[in-house]
Amino acid sequence: MKTVASISFKDDHSLSMDVTDVTGLTMGAPLMVEQGTWVVEMVVNTAAGKVALQMVGASPDSFHLIRPEPLDQDAE
């Protein structure tokens with residue numbers, strides 16, 4: 001069996017996860033489970049399997065993905 005993810009719980013109550021050999025990311029549409037409570041699942045596909053994250057937020061906007069601008073590899 002190959003380890004595809006490791007999780008660290010930090011003393012400031014944050015969570016860090018390292019995932020290796022990522023091949024893709026998918027995220028479902030947010031679903032309201034009750035007023036003011038939304039859930040969504042994100043799946044990290046890896047060469048060895050999948051890591052699924054079930055997340056809870058106060059609104060669908062809680063799950064907005066922020067993509068950084070790509071680095072310009074030619075700029076020096």
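This is a predicted model: local features need pLDDT of at least 70, side-chain atom pairs count only at pLDDT 80 or more; totals for chains, interfaces and linings use all residues.

User: What makes up the secondary structure of the protein, and in what pattern?

Analyst: The protein has 0 helices and 6 strands, and along the sequence these give the pattern β-β-β-β-β-β.

User: How do you know that E5 and strand E6 are paired?

Analyst: Two strands pair if at least two bridges are found between them, and E5 is joined to strand E6 (residues 49-57) by 9 bridges, with the two running antiparallel. Val44 has Val51 in E6 opposite, and the two strands form a hairpin with 2 residues between them.

User: Which other strands pair with E5?

Analyst: Strand E3 (residues 22-27) pairs with E5 in the antiparallel sense over 5 bridges, and Met27 stands opposite Met42 in E5. E4 also runs antiparallel to E5, with 3 bridges joining them, and there Met32 stands opposite Trp38 in E5. E4 and E5 form a hairpin with 2 residues between them, and Gly36 in the turn has a positive phi of about 80°.

User: Why is Asn45 called buried?

Analyst: Buried means under 20% relative accessible area, and Asn45 has 17%, so Asn45 counts as buried. Asn45 lies in strand E5 (residues 37-46), a strand that is mostly covered, with 7 of its 10 residues buried.

User: What makes the approach of Asn45 to Lys50 a polar contact?

Analyst: The cut-off for such a pair of N or O atoms is 3.5 Å, and the side chains of Asn45 and Lys50 make their polar contact at 3.4 Å. Beyond its neighbours within four places in sequence, Asn45 is in contact with several residues, including Asp21, Thr23 and Leu25.

User: Why is Glu34 called exposed?

Analyst: Exposed means over 50% relative accessible area, and Glu34 reaches 52%, which is why Glu34 counts as exposed. Glu34 is found in strand E4 (residues 31-34).

User: Is Phe9 buried or exposed, and why?

Analyst: Phe9 has 72% relative accessibility and therefore counts as exposed, being set against the cut-off of over 50%. Phe9 belongs to strand E1 (residues 5-9), and together with Ile7 and Leu15 it makes a nonpolar surface patch of about 380 Å².

Key: Residues are numbered from 1 along each chain as its sequence is written. Side-chain values use heavy atoms; hydrogens and water are left out. Patches are made of residues with over 30% relative accessible area and no salt bridge: like charges are joined within 9 Å, nonpolar side chains (Val, Leu, Ile, Met, Phe, Trp, Tyr) within 5 Å. Accessible areas come from the Shrake-Rupley method with a 1.4 Å probe; for residues, only the protein chains shown count as cover. A salt bridge is a side-chain nitrogen of Lys or Arg within 4 Å of a carboxyl oxygen of Asp or Glu. Helices (H or I, at least four residues) and strands (E, at least two) are DSSP runs, numbered from the N terminus. Buried means under 20% relative accessible area, exposed over 50%, partly exposed in between (1.4 Å probe, protein chains only). A polar contact is a pair of N or O atoms within 3.5 Å; within protein, one must be able to donate a hydrogen and the other to accept it, and residues adjacent in sequence count only if both atoms are side-chain atoms. Contact means heavy atoms within 4.5 Å.
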